[in-house]
Amino acid sequence: MTEPDDIRFMKMALTLAQRGLGQVAPNPAVGCVLVDPETGRVLGRGWTQAGGRPHAEAEALARAGAAARGATAYVTLEPCAHQGKTPPCAKALIEAGVKRVVSAMTDPDERVSGRGHAMLREAGIDVVEGVLEHEARLLNEGFLRLKLDGRPLVTLKIASSLDGRTATHSGDSQWITGEAARNRGHLMRAETDAIMVGSATAIVDDPVLNCRLPGLGGRSPVRIVADGRLRMQLTSKLVQSAKDIPLWILTLPEGDENRRAAFEDCGAELIDVPKAKNGLMDMKIALAEIGARGVTRLMVEGGSRLGSSLMQAGLVDRVDWFQAPKIIGGDGYPAIAALGVGKMDEAPVLARQETIALGEDSLQRFRVEHRE
């Protein structure tokens, strides 16, 4: 039975879980709060640590120590019931003497999927399920997408003028948005597992694609470039930093062997992706390959043709659109290349989730309404 404070403490656990985003893949980001049911005092807090271990429950139990006996545990995901690199969290909660467990959602992992809750109940622990389940599912949508669909959650990130242009006709794009928006973009990089751009963006902009917020430099995601013909320069910043920050290159398998070897010598990992019917790389297979390497959250930052390709294939789940109060005009570069939309009912439909003011700029966050 849900109690009045269950929502409050589950919100706390969800906030803790968010700290693991971008750090724990392929594991889910989980938060745990241990509370004294008599006084409401927090006895221990934990969240999944970098690399996926230790789990949130183990962290919270270690902080609470003997005080965990008789406590209520708030966990954003069903405690695991299988023996992996660490003992089952459900067993740890039982042995610690926890009397009540409140969880947000059932773990879709076939090794758990209800077994954790069952183990707790068999030990005489009161279990309450589904508290803030919707919020928990949104937080771990990447983990769920990988488990259910075999691919990561894909967020298309765009920074444009009000009329949807990312650069002037001469190619000048720095800076469309202001410092607050750019800092928010770097925070988003820190919370994602991998970031992807097309070959044109890699060649023209020569980006590093790392996180440059103070104190978060170590949270730079895997960089991915969709470069079917290996057009990117070996002297590019991405390639030259490949031994420090992982670089994966999606490419067609029939590329020049000497050029392939040169990229690999620089530290890049080449991922072969076959052609689709349109003669370009098959992005469904590309995302499956990325997911097979443990990526749960993928942010696509450019360019317009890559975004168009993913959108047409129905592979974009979210759109984060930064807009600056500027108008560039029709001779500027569009944020999205042609989609082949002939009628309005063929256009992708987005559901706005929130709008955030960032100085003079704004960030609008959308969910893509996938058609069945």
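Start with the second largest pocket: select Q18, L138, R318, E354 and R365, which lie nearest its centre among 25 lining residues. A pocket here is an open set of points on a 1 Å grid over the protein atoms alone, with protein on both sides within 12 Å along at least five of seven lines; lining residues have an atom within 4 Å of a point. This is a predicted model: local features need pLDDT of at least 70, side-chain atom pairs count only at pLDDT 80 or more, and totals for chains, interfaces and linings use all residues. Residues are numbered from 1 along each chain as its sequence is written, and side-chain values use heavy atoms, with hydrogens and water left out.

The second largest pocket has about 780 Å³ of space. Its lining divides into ten nonpolar, five polar and ten charged residues. Colour the elements next: α1, α5 (133–139), β6, α7 (179–190), β12 (297–302), β13 (318–324), β15 (350–358) and β16 (361–368) each supply at least two lining residues. Helices (H or I, at least four residues) and strands (E, at least two) are DSSP runs.

Stay with β6 (residues 153–161) and select S160. S160 is buried, at 0% relative accessibility. Buried means under 20% relative accessible area, with a 1.4 Å probe and protein chains only.

Go to α1 (residues 6–17) for F9, and to β3 (residues 72–75) for Y74. The structure holds one aromatic pair. The ring centres of F9 and Y74 are 5.3 Å apart and the planes are at 35°, so the pair is tilted. Rings pair if their centres lie within 6.5 Å; planes under 30 degrees apart count as stacked, over 60 as edge-to-face and the rest as tilted. The pair ties together parts 65 residues apart in sequence. F9 is buried at 2%, and Y74 is buried at 3%.

Next, select R19 and W47: the charged end of R19 sits over the ring, 4.4 Å from its centre. Then try R182 and W175, where the distance is 4.5 Å. Sitting over a ring puts NZ of Lys or CZ of Arg within 6 Å of the ring centre and within 35 degrees of the ring normal.

Finish at the largest cavity, selecting L21, V24, N27, T296 and R297, which lie nearest its centre. A cavity is a set of points where a 1.4 Å probe fits but cannot get out. The volume is about 70 Å³.

Conventions
Points joined across faces, edges and corners; volume = space filled by probe spheres on them. Phe/Tyr/Trp six-rings, centres within 6.5 Å; stacked < 30°, edge-to-face > 60°. Buried < 20%, exposed > 50% of the residue type's maximum accessible area, 1.4 Å probe, protein only. Nonpolar A, V, L, I, M, F, W, Y, C, P; charged D, E, K, R; others polar.
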